[in-house]
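Please keep the sequence and the coordinates open while you read.

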Amino acid sequence: TVYKVGYLIGSLAKGSINRKLAKALVNLAPDELSMAEIPFKDLPLYSYDYDADFPPPAKAFKEALAGIEAVLFVTPEYNRSIPGGLKNAIDWASRPYGHNSFTRKPSTVIGTSPGSIGTALAQQSLRGVLGFCNSPQMNSIEAYIQFKPGLITDEGEVTELRTEEFLRDYMIQFHNFITRVYTALA
Ligand code: FNR
């Protein structure tokens with residue numbers, strides 16, 4: 001079985017190191033995972049006033065989420081939490097009430113930062129949000145990637161063998177987790 005995985009990149013920056021990490025993960029993913037980015041930068045700021053009639057970017061975002069079987073979050077840490085844009089996207093995804101796009105959809109969280117804790121607090125914060133959104137999360141393995149200049153190229157090539165092997169294993173573990181979730185739910 002090939003599973004469709006949508007990935008959300010928490011950073012909107014052109015030179016984002018998390019975008020480089022996402023490219024590396026796509027390159028290293030096993031063939032059983034079909035990877036596609038789900039962009040969210042065109043979403044307005046969410047309000048429940050929109051619940052009766054979502055604007056086109058929000059409809060497109062919800063449709064993209066409906067078409068995937070698992071979600072990969074690749075996010076930076078901003079002020080010890082996730083960036084506001086990503087939280088906004090998750091709020092859109094969770095609504096209208098009763099149409100939460102993350103319910104029972106397996107997810108995993110990873111990120112990179114120049115700091116030595118490698119986005120640990122942002123990930124912890126995101127895990128709380130995803131828990132409330134009823135997404136089964138891969139709890140192990142965890143990945144806290146400290147970014148050093150040149151660690152991953154713009155094309156997503158990992159220049160350190162140990163990190164490359166770790167990230168390849170991370171994607172294999174995610175595939176195993178997705179399989180377990182769908183087998184259990186079947
Ligand atoms: C940061 N940065 C940062 N790093 C970190 O490890 N913990 C943090 O809490 C923060 N806080 C923070 C807030 C804001 C507003 C910015 C712009 C940056 C530094 C951050 O890790 C660095 O800019 C990375 O390059 C961000 O990842 P992207 O956006 O390049 O993928």
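Where is Arg104 found? Arg104 sits in the loop between α3 and β4. Helices (H or I, at least four residues) and strands (E, at least two) are DSSP runs, numbered from the N terminus. This is a predicted model: local features need pLDDT of at least 70, side-chain atom pairs count only at pLDDT 80 or more, and totals for chains, interfaces and linings use all residues. Residues are numbered from 1 along each chain as its sequence is written.

**Confidence**

- The protein chain has a mean pLDDT of 97 (pLDDT is the predictor's confidence in each residue, from 0 to 100).
- 100% of the residues of the protein chain reach 70 or more.
- Among the elements of the protein chain, strand β3 (residues 70-74) has the highest mean pLDDT, 99.
- Helix α5 (residues 161-185) has the lowest, 96.
- The model scores are ipTM 0.99 and pTM 0.98.

- Over residues 4-146 the chain is 32% helix and 18% strand.
- The end C-alpha atoms of this stretch are 28 Å apart.

**Nonpolar core**

- A nonpolar core is a set of buried Ala, Val, Leu, Ile, Met, Phe, Trp, Tyr and Cys residues joined through C-beta atoms within 7 Å.
- A residue is buried if 20 or more other C-beta atoms lie within 10 Å of its own, exposed if 12 or fewer, and partly exposed in between, with C-beta atoms placed from the backbone.
- The largest nonpolar core has 43 residues, and those with the most contacts inside it are Leu8, Leu21, Leu25, Leu72, Val74 and Ala89.
- At least two residues of this core come from each of β1 (3-9), α1 (17-28), α2 (56-66), β3, α3 (84-93), β4 (107-113), α4 (120-132) and α5.
- Helix α5 gives the most to this core, with seven residues.
- Leu8 is in contact with Ile38, Phe40, Val71, Phe73, Leu86 and Ala89, leaving aside its neighbours within four places in sequence. Contact means that the C-beta atoms of two residues, placed from the backbone, lie within 7 Å.
- Leu167 lies in helix α5. Leu167 counts as buried because 23 other C-beta atoms lie within 10 Å.
- Beyond four places in sequence, Leu167 touches Ala24, Leu25, Leu28 and Val158.
- Leu167 and Ala122 are 45 residues apart along the chain, and their C-alpha atoms are separated by 19 Å.

- Most residues other than glycine have a negative phi, and most peptide bonds are trans.
- Arg104 has a positive phi, near 60 degrees, and is not a glycine. Arg104 is exposed because it has 11 C-beta neighbours inside 10 Å.
- Asn134, also not a glycine, has a positive phi of about 65 degrees. Its place is in the loop between α4 and β5 (144-146). Asn134 is exposed, with 12 other C-beta atoms within 10 Å.
- Arg95 and Pro96 are joined by a cis peptide bond, with omega about -5 degrees. Pro96 is in the loop between α3 and β4.
- The bond from Ser140 to Ile141 is also cis, with omega near 10 degrees. Ile141 is in the loop between α4 and β5.
- Ile141 is partly exposed, with 14 other C-beta atoms within 10 Å. Not counting residues up to four places away in sequence, Ile141 touches Tyr170 and Gln173.

**Helix α2**

- Ala66 has its place in helix α2. Ala66 counts as exposed, with 11 C-beta neighbours inside 10 Å.
- Ala66 and Ala93 are 27 residues apart along the chain, with 9.8 Å between their C-alpha atoms.
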